[in-house]
Amino acid sequence: MAISRITSGWVMLPSTYSNDFTPLVERMSIDEAFADVAGCTHLFGPPAEIASAVRRRVRAEVGLPISIGVARTKPLAKIASQVAKPDGLVVVDPAAELNFLHDLPVELMWGVGPVSRARLSEIGVHTIGQLAEMPGWSLERLLGRAAGEKLTALAWNRDPREIKTHRRARSAGAQSALGKKPAEEQVFRPTLRHLADRVATRLRAKSRPGRTVTVRVRFADLHSVTRSVTLDAPISATAILAEIAEQLVRTVLADHPEERTISLLAISVSQLETHWDVQLELPLGLDDEERRPGTKRGMARWIADRAVDKIRDRFGWEAVEYGAALGLSRSVPDEFRELAEKDL
């Protein structure tokens with residue numbers, strides 16, 4: 001969690017508690033959010049006191065340790081929250097921002113992943129301060145113009161971005177940790193059916209079908225492989241999404257025959273449509289006809305899904321289950337997962 005803007009009040013907080021202190025909250029995930037507390041310091045005290053109050057509440061109500069960062073900008077508040085882990089509070093004085101920032105490892109910055117970190121390491125850049133002192137042309141040649149300019153600005157703590165309280169998601173996804181399970185059909189098929197059900201239900205609820213389906217398979221050694229396909233028409237039917245996801249997972253496993261254990265599966269749908277009317281299709285005998293939303297079979301699947309949606313709206317999610325997913329053990333309750341889902 002981060003509190004950004006110390007003088008005016010930014011905090012990186014657990015998302016489920018941020019709204020109790022300020023309406024200016026930008027949720028990043030189920031357990032993380034940026035909060036601008038500038039307008040509520042007269043009620044709850046300075047940002048550091050707000051952060052301390054949240055830490056006490058989480059510990060008392062949930063029994064979990066949390067880390068909170070307080071700083072003047074969002075990226076610095078995020079970094080401060082990382083430094084505070086696993087159970088601490090770091091408040092960055094505006095007068096000492098660069099002293100705090102420049103001694104830290106470069107991989108703590110937004111936008112520096114394993115590849116960028118390795119490239120920077122090759123030229124002797126290991127800290128944020130070293131990156132800040134690099135000539136712009138050198139970073140541009142190494143990482144590209146856009147990335148170079150962005151990282152230079154962040155290294156000097158320049159970031160004018162404000163809180164976005166209503167950010168719409170560009171994709172809808174779900175994942176499930178499996179522990180260590182055999183890479184077999186009877187294992188991945190029920191899980192993919194359940195994930196497809198969760199994702200497709202959200203797409204239908206907002207009338208936002210999507211064209212690109214992506215799956216991610218993580219193996220026992222934590223190595224992940226993704227595969228995706230972009231369709232001619234957007235989809236939101238559970239069965240269609242599940243079948244496409246199953247086909248992609250089979251492709252992953254065929255490409256990696258040495259992998260015999262799966263630890264996680266994920267499905268996401270992107271290229272979401274904002275205004276969409278189904279385009280009816282003639283029965284041309286195509287191989288993928290039942291997966292095309294405009295065919296007779298595709299329409300029947302969508303109508304069945306809408307009937308399920310109505311039953312669940314009235315009687316709850318568990319009133320109807322898809323057969324392939326019955327009895328599936330959930331690693332995290334679905335009600336808890338919903339807290340992390342951004343509006344579509």
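Where pLDDT is low, the predicted coordinates should not be read in detail. For the chain taken together, the mean pLDDT is 82, and 80% of the residues reach 70 or more.

**Confidence along the chain**

- Among the elements of the chain, the lowest mean pLDDT, 51, belongs to strand S2 (residues 10–13), whereas the highest, 95, belongs to helix H5 (residues 97–102).

**The sheet of four strands**

- Four strands form an open sheet in the order S7-S10-S8-S9, and their pairing is antiparallel.
- Strands S7 and S9 stand at the edges with a single partner strand each, so one side of each of them has no neighbour in the sheet.
- Neighbouring strands of this sheet are turned by 15 degrees against each other on average, if direction is ignored.
- The antiparallel pairing of S8 with S9 runs over 8 bridges, and Val 217 stands opposite Val 225 in S9.

**The helices H10 and H11**

- Helix H10 lies across S7, S9 and S10, and it runs at about 165 degrees to S7.
- Helix H11 packs on the sheet, where it touches S8, S9 and S10, and its direction makes about 145 degrees with that of S9.
- At 1.5 Å a residue, the 18 residues of H11 (residues 238–255) should span 26 Å, and this agrees with the model because the end C-alpha atoms of the helix are 26 Å apart.
- Of the 18 residues of H11, 13 are buried, so this helix is largely enclosed by the rest of the structure.

**The nonpolar cores**

- The largest nonpolar core has 34 residues, of which Leu 241, Val 249, Ile 262, Leu 265 and Ile 267 touch the most other members.
- Two or more residues of this core come from each of strand S7 (172–182), helix H10 (185–205), strand S8 (210–219), strand S9 (224–235), H11 and strand S10 (261–272), and H11 gives the most, with 9 residues.
- Leaving aside residues up to four places away in sequence, Leu 265 touches a set of residues that includes Ala 174, Leu 178, Phe 188, Leu 192, Leu 195, Val 217 and Val 249.

Note on methods
Residues are numbered from 1 along each chain as its sequence is written. This is a predicted model: local features need pLDDT of at least 70, side-chain atom pairs count only at pLDDT 80 or more; totals for chains, interfaces and linings use all residues. Side-chain values use heavy atoms; hydrogens and water are left out. pLDDT is the predictor's confidence in each residue, from 0 to 100. The expected span of a helix is 1.5 Å times one less than its number of residues. Buried means under 20% relative accessible area, exposed over 50%, partly exposed in between (1.4 Å probe, protein chains only). A nonpolar core is a set of buried Ala, Val, Leu, Ile, Met, Phe, Trp, Tyr and Cys residues joined through side-chain atoms within 4.5 Å. Contact means heavy atoms within 4.5 Å. Two strands pair if DSSP finds at least two bridges between them. Axes are lines fitted to C-alpha atoms, for helices over the stretch in contact, and angles run from 0 to 180 degrees between N-to-C directions.
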